[in-house]
Amino acid sequence: MLYSKSFINTSREDPKVAECKSHKLLLKANFLYMVSSGIYSYLPLGWRVLNKINKVIKKQMVLAGAQELLMSAIQPIDIWKKTGRDKDLEEVMFKFKDRKSRELCLGPTHEEEITEIVKRYATSYKQLPFILYQIQTKFRDEPRPRFGLMRSSEFIMKDAYSFSLTQQCLEDNYQKMYKTYEKIFDKFRLNYFISEADPGAMGGSASHEFMVPAEIGEDILYFCPGCNNYYKEKGRCASCQGETEAKKMVEVGHIFQLGTKYSMAQEAFVLDQQGKRKPLIMGCYGIGVSRVLSAVAETASDSRGLVWPKSIAPFDASLLVLESGWNQEALELESWLEKEGFSLLIDDRKEPAGVKFNDAYLIGHPYIMIIGKNYRGSAKIEVEKRETGQKFEIAKDKIVDFLKDEHNTESN
Ligand SMILES: [Zn+2]
């Protein structure tokens, strides 16, 4: 991709509306467009990151045996009345009537709808267990939307639902999702902590939250700096007896053992081995996809801008062409890298080197490559690793090997 032809419009100024670091950087580096308070459009850079986040999630969900579907964003209020959650979530639901006076809402979550779908088709224990998931936009009428994508009226979630005949089978699925979530959050390079949680309005028994320490967090956990342990209650550290300190945390994932709350209320039964009617035993598993984008931006950045992990960076590298006459060479390098699965943003703009460096740091490409004045004699490309600032000189025909080695090192 040539920068000169791209729709990337970074700003030199800090946006006045920014409420926190990630909000500022995502607006300034042109990942997001603020439509209105709590409502955002994803611009090309932001959309590339979201798609990479989704790719990581989908890969692990498929490995866990889950099947993807896409439910409707508009839901009839009738299905919410069955569980009583039309009242529980009344305050945050966007409700409206269509021309036939049907009462509808924009889905704030999908437990009711998935239960309606599954009960229509699952009638026997032989069809169980299974896990269904979707990546979908959800809507909540937030009283105080803030911190950009952290608390917005419209946000993207991955929500998965497991259906089992027995509690043991639910627990097996729950464990499988727990481990899947660890793999997913590891890929995002998030410094997360898993905390036992209160199931709250979702109902059910066990529940765990995946939390990331960040100044803008709305939950508090207690942290031992010596042992890196987190606790729900203030009390000395169980390992070293040292003082713990309060830390604000952002929830990026939440898993629940729902049990039979929804299947009983919505009459979702299957026949067991003895031909007896049994309610489906459910679990649900959420990841705040757009919130992950913000959480990574909030925690992985420095004074110069964003620092994306390789797994979700909008481009694998930026190539700054600092001498004229090398654009064709740059395009050849791009097509070669693309064949090997690496994406490149070629900064071919007629701008001073300082502007190109500033934008490359601000956008946060994992590698910044430079074709400068040394290239003519040596055919060597200067490479800077964004995260560590390490610099390398790599012969042009060794660039793919270099990137592959770097990616392998990280995967291991
Ligand atoms: Zn300790």
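## A walk through helices and sheets

Let's start with helix α8: eleven of its eleven residues are buried, so α8 is largely enclosed by the rest of the structure. Here "buried" means that 20 or more other C-beta atoms lie within 10 Å of a residue's own; with 12 or fewer the residue is exposed, in between it is partly exposed, and C-beta atoms are placed from the backbone. The buried residues of α8 include Val289, Arg291 and Glu298.

A quick word on what you're looking at: this is a predicted model, where local features need pLDDT of at least 70, side-chain atom pairs count only at pLDDT 80 or more, and totals for chains, interfaces and linings use all residues. Residues are numbered from 1 along each chain as its sequence is written. Helices (H or I, at least four residues) and strands (E, at least two) are DSSP runs, numbered from the N terminus.

**Two helices meet**

Which helix packs against α8 (residues 289-299)? That's α2 (residues 44-63), at an angle of about 110° and with the axes 10 Å apart. So α2 is roughly perpendicular to α8, a label for angles of 65 to 115 degrees (under 35 is roughly parallel, over 145 roughly antiparallel, and the rest oblique). Axes are lines fitted to C-alpha atoms, for helices over the stretch in contact, and angles run from 0 to 180 degrees between N-to-C directions.

On the α2 side, the contact is made by Gly46, Val49, Leu50, Ile53 and Asn54, while α8 brings Val289, Ser290, Val292 and Leu293. Being in contact means that the C-beta atoms of two residues, placed from the backbone, lie within 7 Å.

**The sheets**

Now for an open sheet of five strands, ordered β20-β19-β21-β22-β23, with mixed pairing. Its edges are β20 (344-347) and β23 (391-395); each has a single partner strand, so one side of each has no neighbour in the sheet. From one strand to the next, the twist averages 25°.

There's also an open sheet of three strands, β4-β6-β5, and its pairing is antiparallel. Here β4 (74-76) and β5 (94-97) take the edges, each with a single partner strand, so one side of each is left without a neighbour in the sheet. The twist in this sheet averages 35° from one strand to the next.

Here are some of the pairs; strands pair if DSSP finds at least two bridges between them.

| Strands | Bridges | Direction |
|---|---|---|
| β19 and β20 | four bridges | parallel |
| β21 (residues 367-371) and β22 (residues 380-385) | four bridges | antiparallel |
| β4 and β6 (residues 103-106) | three bridges | antiparallel |

You can find residues facing each other across these pairs: Leu320 stands opposite Asp347 in β20, Ile368 opposite Glu384 in β22, and Ile74 opposite Leu106 in β6.

Is β19 mostly covered or uncovered? Mostly covered, as five of its five residues are buried. Ala317, Leu319 and Val321 point one way from β19, and Ser318 and Leu320 point the other way. In a regular strand the side chains alternate between the two faces of the sheet. Helix α10 (residues 353-363) lies across β19 (317-321), β20 and β21, at about 175° to β19.

**One residue up close**

Finally, find Leu132 in strand β7 (residues 130-139). Leu132 is partly exposed, because 19 other C-beta atoms lie within 10 Å. Leaving out residues up to four places away in sequence, Leu132 touches Ala66, Gln67, Leu69, Ile114, Ala160 and Tyr161.
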